[in-house]
Amino acid sequence: MQVALARSAGFCLGVSLALKHLDKELAAFAKSSFGGDRLLTFGPIIHNPLVMRSYEEQGVICEDDPARIRQGDRVVIRAHGIPCEVEQKLREAGAVIIDATCPKVKKAQLAIAGIKNRYATLLLFGEREHPEVRGLLSYSRNASLVFGSLAELEALALEPGPYVLAAQTTQDREAFYAAQKYLEERFAASERSRVHGPLRILDTICNATRDRQQGVIDLCGTVRALVVVGGFNSGNTRRLAEVARAAGAYALHVEQAADFSEDQKAQLRQYGTVGLTAGASTPQAHIEAMQIFLQDV
Ligand code: SF4
């Protein structure tokens, strides 16, 4: 089969940097320069079970309960970041913190921490239970509300401003603009809004997710079948398959070559050419291995 690669696929900056931090720690750990202390990631450093297993085999422990952190543990904070109070607990437990929070997530955290108007309510567009959202909220000194869609925003009982609108870094920019437009129109005529300023916008969205989705849409203009490689537990990877299906393609999401059934391989063969992309948590080596596999299907 011919394989056409999406123009933007695989690791984003934040994941790439976080793994570099972990690899550097691991190299020192392998030389036992920590004197018996443990090397941990706080939560999975990456939403990719194959990569996580490889780190576990090298002695890296994945932990998400601050109560189980011991004095001297070296703890790598993943790209999504963690809530301030959790970081405080890790410090109190005596851990050495290696902060691999993505610079773009850190910028969003600091922008939220820096909201000057104490009367403003933070409206955060994101997934309520996502670790990044929990982290962002912890930086807010203002009242905060989270919404996951325009419908959820419309359902909120909002007084006239002031508000600060921000988003989880991986949210869709168009949906964010729709939320902004809705709020501007809703409070345009309010006297209180004129006094306090109705809405301040924090630009916290990262383009990495959008670039990968646009790469899929572009590819679906030339291929009718597409394979997405990456962790089943990776939200942005799953969304790439959904984007491909919405664009009319036959799309399969797999973690590795062994995941294809014989029926699926036969189906792919019928298309002659297959598109290939990967989520932000898929290593380049997995993309290349998949490319070689698909060429022989
Ligand atoms: S998607 Fe963007 S903000 Fe999130 S970790 Fe990757 S580079 Fe950072």
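Visitor: What makes strand 2 and strand 3 a pair, and in which sense do they run?
Guide: Two strands pair if DSSP finds at least two bridges between them. Strand 2 (residues 39–42) and strand 3 are joined by three bridges in the parallel sense, so they meet that definition. Leu40, for instance, has Ile61 of strand 3 as its bridge partner. The model is a predicted one, in which local features need pLDDT of at least 70 and side-chain atom pairs count only at pLDDT 80 or more, while totals for chains, interfaces and linings use all residues. Residues are numbered from 1 along each chain as its sequence is written.

Visitor: Why are strand 3 and strand 5 called edge strands?
Guide: The open sheet has four strands in the order 3-2-4-5, with parallel pairing. Strand 3 (61–63) and strand 5 (96–99) each pair on one side only. From one strand to the next the twist averages 30°, where axes are lines fitted to C-alpha atoms (for helices over the stretch in contact) and angles run from 0 to 180 degrees between N-to-C directions.

Visitor: How many helices and strands does the protein have, and what counts as one?
Guide: The protein has twelve helices and twelve strands. Both are DSSP runs numbered from the N terminus: helices are H or I of at least four residues, strands E of at least two.

Visitor: Why is Ala244 called buried?
Guide: A residue is buried if 20 or more other C-beta atoms, placed from the backbone, lie within 10 Å of its own, exposed if 12 or fewer, and partly exposed in between. Ala244 has 27 C-beta neighbours inside 10 Å, and therefore counts as buried. Ala244 is found in helix 10 (residues 235–246). Across the protein, buried residues make up 40% of the 297 residues.

Visitor: Which residues does Ala244 touch, and how do you know that they are in contact?
Guide: Two residues are in contact if their C-beta atoms, placed from the backbone, lie within 7 Å. Leaving aside residues up to four places away in sequence, Ala244 touches Val216, Cys220, Leu226, Val228, Ala249 and Ala251.

Visitor: How do helix 4 and helix 5 pack, and which residues make the contact?
Guide: Helix 4 and helix 5 (residues 131–138) pack at about 35°, with their axes 8 Å apart. Helix 4 contributes Val105, Ala108, Gln109 and Ile112, and helix 5 contributes Glu132, Gly135 and Leu136. These residues divide into four nonpolar, two polar and one charged. Here Ala, Val, Leu, Ile, Met, Phe, Trp, Tyr, Cys and Pro count as nonpolar, Asp, Glu, Lys and Arg as charged, and the others, Gly among them, as polar.
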